[in-house]
Amino acid sequence: MRALKWVGIGVLVLVLGLILFITFGLNLLRGPIERAVTEATGRQLVIGGDLEAAWDWVHPRFRAHDVRFANPGWANGEHMFAAEAVEASISVAPLLTGRVVVPELHLEKPVVALQLMPDGRKNWLLDRDQKDEGGSRVFILRLTLDQGKLRYFEPGRKIDIEAGVASERDGIEFSATGRYKGLPLTVSGRGAQVLALRETETPYPLKGQAKVGETTIDLDGTVTDIVGIDALDAKIRIRGESMVQLYEIFGIAFPETSPYDTTGRLVRAEGVWRYEDFSGKVGKSDLAGTFELRDAEPRPLMKAELKSKLLNFADLGPLVGTTEPSKAGVLPDRQFDTSRWGSVDADVTLKAGRLERPEQLPLDDLAARIRMKDRVLTLEPLEFGVAGGKVAGAIRMDGTQEPIDAAIRLRVRNLKLAQLFPTIEKAKGSLGDVDGLIELEGRGNSVARMLGTSNGKVGLFVDDGRISQFLMELAALDLWDVAKLALKGDEPVGIRCAIADFTVKGGRMEANALVFDTEVVNVTGKGSVNLKTEEMDITLKPEPKDKSIASLNTPLYLRGTFGKPDVGPDAGRLAAKGAGAILMGIINPLLAVIPLLEEGGGKDSNCRKLIAEAAAPKDSAAGGTKKK
C-alpha cells in the first residue's frame, strides 16, 4: 500500500508551481513536471493528456489524463504505474512545511505493477539509492479506484499475484489469482467504496475469501488503518488438509494434522494477533480455545489454550503415533522437520477429556504444557489417564542437535489390571495396581529411531492383587486343574508380586527380572526386546505350586515382532527340575523397580520380600550349611 502514496508523485511534486502558474494554463507545466520527476528518480514520467484544475484556497483539485510512470531498468515490464486519469485534491497549509497531504485521490483504470527482487530492490522506492523506505512526505488519506489492476511480483519467494478491482454502487469488488510462495492462490471479496488510508480511527468493512494451496480462509469484519492493519476485528473460518501447510502461508511452524475446519474471531490490537473462542474439528477430534501470536525477539511467540472433548491421536500426526504408510513396524517413524522449529517460540496448554488411538488402550484426561524455546521442544508437565491410572512426567526433544537428542521420563501409577486387558473375559475380575517407571534417552528424527537408540531403564510391578486362577493354571499348562476349573467354575487367586524390570542399551531391552508370583503358579522369565528391529525373544517358565501330575511344566515363549507376536508353549524345552523360580526371574539388579518400591510399602512390600528371598544366600554346595 505504500506504493499508492507515490502514485500521485508525478502530479504533486510541483504543486507549488501549479498554484503559482495556474492562470497561465496548466498544460504549459506538463514538460517541466515530467522533466523534474525524471531527473529526480531516473525514471520517465509521461502526462499524455490535459492537466486540469478546480481552484479552492483550502483544497484545490487537479486532474491529469493519460499518466504513465516507468519502471527502473532492472525491473520487469515498462511501467510501474499507468492510469487513464489521476485526480487529486491537495491541502494547501501542509505545503508550507514541505508535506503533501492528499485528502482524496481518485484513479481511473489504474494499472500498478509492484516488484520486490531477491536482492531487496523495490520498484516503488523512487530514490536512486533505494533507501527511502519510510521517508515519504506524501500522505494520501482516502483512495477510490475505478476498474483497477494490480500485480505484485516477488520471485525470491515465488510470489506472483494479479488482482482486479471494480467499483460498484455500494462499494468495490476485488479478485486475485496467482501463486503465493509457490502455492496456487485465489482471492475474492468486497469492501467499502473508499479506502481510508490514513484515517486510523475509521474501521473499513471487508468481506472475502482466500484459498492458498489447500488452505481456505473466509473473513467478514473490519480493518482499521488498511495500510498497516493497525487493528482488525472479524469473524474468520480457516480450513485445510493439514495445519502444517500454514507454515508456507504465515511462516510459523504448526504440527502435521488431519484435515481441519475451525471458526472463531480474529482480532489484532496493539501488535498482537488473537484467534479468540474458536472451535472446530481436526479429523475426528474436536478442538476449541484461543490462539495468540505476538512479535518478539528473536522470533515470534505463540501462546494458546486448547481444549478437546475427544482427541484422536491419528489426527495429531507424528508427535503421538502416526507412522509412515510404507513402514511395516508399529513404532511411529514419521520424520520431525526441525528446520521449522526455529520459526517460532511457543507456550501451549492442551487438555482433552478422552483420547483414542486405533487398536490401543483408551486414554483419557490428557493435560500437557507444550513449549518450544530456541528449537527445544518440551512436554512438561505431561499427564494422561490409562486403564484407570495415571502416566505423568516429561518429554524433551532438542532440535538444535542432528539427529534430535531426546529424553523421556514417565511415572506409571495405579493402572488397573482388569482394564489393561479389556478384551479378555477371564481378566475382567482381576484386581491390582500396576506401577512403574520409564526413563530413556536416545537420538533420532522420529519416535522409532529415538527408541531404537535409547539407553535407560523400564520397570513395572504389581505388589498385591487378585487374578483368575483359570488363566494362571492355563499359563502353567496344568491341564488337570484347568479341567477342574472349567467344570466347577473359576475363582480368583492372590497375586503376591509381579515384576518386569529392564535395562536398555542401544535400543535393546534386557530383562533384569520377569516374575509373576501367585498362590497357585509362579511364572519367571528371561529375554530381551529389541526396540530398533521391533522384535522380542522372551521365555517364561511357569511352575504350578501344587505340583500336579497333569502339569506339563513346559516353558512358554513370546517371540516375533510387535506387529505380529508369536506366543505359545516351547515343547522342545522341558523345564529344569528343582531350579528356583525366583532365582531364574531375578538375574540382575532391579534398576527401575527397587527405587519405586522404596517410595511405597518399603520392607512390608510383597515384592521387597520376594526380592529379599531371591537375594538371600542359599545352602553352600560344599558344606550344606545355609549362610545367615
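In this predicted model, the side chains of Asn 123 and Asn 71 are joined by a polar contact of 2.8 Å. The side chain of Asn 123 also reaches the backbone nitrogen of Gln 115, at 2.8 Å. Asn 123 is located in the loop between β7 and β8. Its relative accessibility is 0%, so Asn 123 counts as buried, the limit being under 20%. When neighbours within four places in sequence are left aside, Asn 123 is in contact with Arg 43, Asn 71, Pro 72, Trp 74, Met 80, Ala 113, Leu 114 and Gln 115.

Aromatic pairs were then examined. A pair of aromatic rings is described by the distance of the centres and the angle of the planes. Four such pairs are found in a search of the whole structure. Trp 124 belongs to the loop between β7 (111-115) and β8 (138-140), whereas Tyr 152 belongs to strand β10 (residues 148-154), so the pair ties together parts that are 28 residues apart in sequence. Trp 124 has a relative accessible area of 11% and is therefore buried. Tyr 152, with a relative accessible area of 22%, is partly exposed. The rings of Phe 336 and Trp 341 have centres 6.3 Å apart and planes at 70°, so this pair is edge-to-face. Both Phe 336 and Trp 341 are buried.

A contact between a charge and a ring involves Arg 151 and Phe 153. The charged end of Arg 151 sits over the ring of Phe 153, at 4.9 Å from the ring centre.

Tyr 247 is part of helix α5, which covers residues 246-250. Its relative accessible area is 22%, so Tyr 247 is partly exposed. With neighbours within four places in sequence left aside, Tyr 247 is in contact with Ile 252, Ala 253, Arg 340 and Ser 343. Tyr 247 and Ser 343 are separated by 96 residues in sequence, while the distance in space from C-alpha to C-alpha is 9.0 Å.

Strand β25 (residues 389-398) pairs with strand β26 (residues 405-416) in the antiparallel sense, over nine bridges. The two strands, β25 and β26, are joined by a hairpin through six residues. Within this arrangement, Ala 394 stands opposite Arg 409 in β26.

Note on methods. Residues are numbered from 1 along each chain as its sequence is written. This is a predicted model: local features need pLDDT of at least 70, side-chain atom pairs count only at pLDDT 80 or more; totals for chains, interfaces and linings use all residues. Side-chain values use heavy atoms; hydrogens and water are left out. Helices (H or I, at least four residues) and strands (E, at least two) are DSSP runs, numbered from the N terminus. Buried means under 20% relative accessible area, exposed over 50%, partly exposed in between (1.4 Å probe, protein chains only). Contact means heavy atoms within 4.5 Å. Two strands pair if DSSP finds at least two bridges between them. Rings of Phe, Tyr and Trp (its six-membered ring) pair if their centres lie within 6.5 Å; planes under 30 degrees apart count as stacked, over 60 as edge-to-face and the rest as tilted. A charge sits over a ring if NZ of Lys or CZ of Arg is within 6 Å of the ring centre and within 35 degrees of the ring normal. A polar contact is a pair of N or O atoms within 3.5 Å; within protein, one must be able to donate a hydrogen and the other to accept it, and residues adjacent in sequence count only if both atoms are side-chain atoms.
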